[in-house]
Amino acid sequence: MADQADWLARFTRYLATERQLSPMTVRNYRFELERADALLGQRSWQELSRQDLSGLMARLHRQGLSPRSLSLTASALKQYGHFLLKEGLIDTNPAATLSAPKQPKTLPKNLDPDSVNHLLDIPPEDGLALRDRAIMELFYSCGLRLAELAALDMKDLDRESREVRVIGKGSKERILPVGSVALSAIADWLKVRAQMPCQDDALFVSTRGSRLSHRSIQARMEKWAQIQGLSVGVHPHKLRHSFATHMLESSGDLRAVQELLGHANLATTQIYTSLDFQHLAKVYDGAHPRARKKGD
């Protein structure tokens, strides 16, 4: 490859025009490729092997690059190799199977119980306030996904047995218990709904009587977070995360929380076990017979 700088310039134009990537992404890719070129001694891609690029990734890892940064490096190398292959400059893409270290899963941010109580302490001023409180109570009571709640019909709620039928990912059905506070909030909302010209059987509808959209639910929750003076934003998944964390803190039953959330794999639920270390330390000190020194 006669002029690597020229091909790199062509690649960045390709990213900007044909792929229509953002200027920031194009700049990041170019930076990664220029750094790789320097570390590889400006060798031609026609000479490079997968082992060369794996060695480069290992070197960057030893230098302290984070998994996120290494993932960007691997992506830039893969895309550039694919481009050169498409242009007929190389016969195989040596970066095709590159991988970066897995990024550590982080604990989803949640609201503490006091913040949840404050959020849901909505005065029953009008029908929309009653509806929105019922929505958020149900999110927090059952740990529902946004799509699951938006799809609920009247027939899915059994107030007598205090259960709700939910269709989750993969069209899997699960029956969930509904708490008394959520049931009370829903009962208040249903009195309002009964007076509306509803267009279908949706449990939660707009003022026009149509099923609430995902965006409308999100917007109303964001609005209530502001009205109630919360210092953080609120969205459906935050209440789902809060439900999962609080349930796990209280019960310690990972399998039960898995079933309630509708997770196919226990590993997905295990992210919620990464509880605050200080909280775990307090529990340990209070519960383990050999946790505290004599005289403490």
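Colleague: Which residues of helix 8 are buried?

Modeller: This is a predicted model, to begin with. In helix 8 the buried residues are A182, L183, A185, I186, A187, W189, L190 and R193. Their cover includes helix 6 (127-142) and strand 1 (157-158).

Colleague: What span is expected for helix 8?

Modeller: At 1.5 Å a residue, 20 Å is expected. The 14 residues, 180-193, reach 20 Å from first C-alpha to last, close to that value.

Colleague: Why is the contact between D132 and R220 called a salt bridge?

Modeller: The cut-off is 4 Å between a side-chain nitrogen of Lys or Arg and a carboxyl oxygen of Asp or Glu. For D132 and R220 the N to O distance is 2.6 Å, so the pair qualifies.

Colleague: Is R220 buried or exposed?

Modeller: Buried means under 20% relative accessible area. R220 has 19%, so it counts as buried. D132 is buried too, at 3%.

Colleague: What about D6 and R10, buried or partly exposed?

Modeller: D6 has 27% and is partly exposed. R10 has 36% and is also partly exposed. Their side chains meet in a salt bridge at 3.0 Å, N to O. Both lie in helix 1 (residues 4-17), four residues apart, about one turn.

Colleague: Which residue forms a salt bridge with R145?

Modeller: E148 does, with the closest N and O atoms 2.6 Å apart. R145 counts as buried at 10%, and E148 at 4%.

Methods
Residues are numbered from 1 along each chain as its sequence is written. This is a predicted model: local features need pLDDT of at least 70, side-chain atom pairs count only at pLDDT 80 or more; totals for chains, interfaces and linings use all residues. Side-chain values use heavy atoms; hydrogens and water are left out. Helices (H or I, at least four residues) and strands (E, at least two) are DSSP runs, numbered from the N terminus. The expected span of a helix is 1.5 Å times one less than its number of residues. Buried means under 20% relative accessible area, exposed over 50%, partly exposed in between (1.4 Å probe, protein chains only). Contact means heavy atoms within 4.5 Å.
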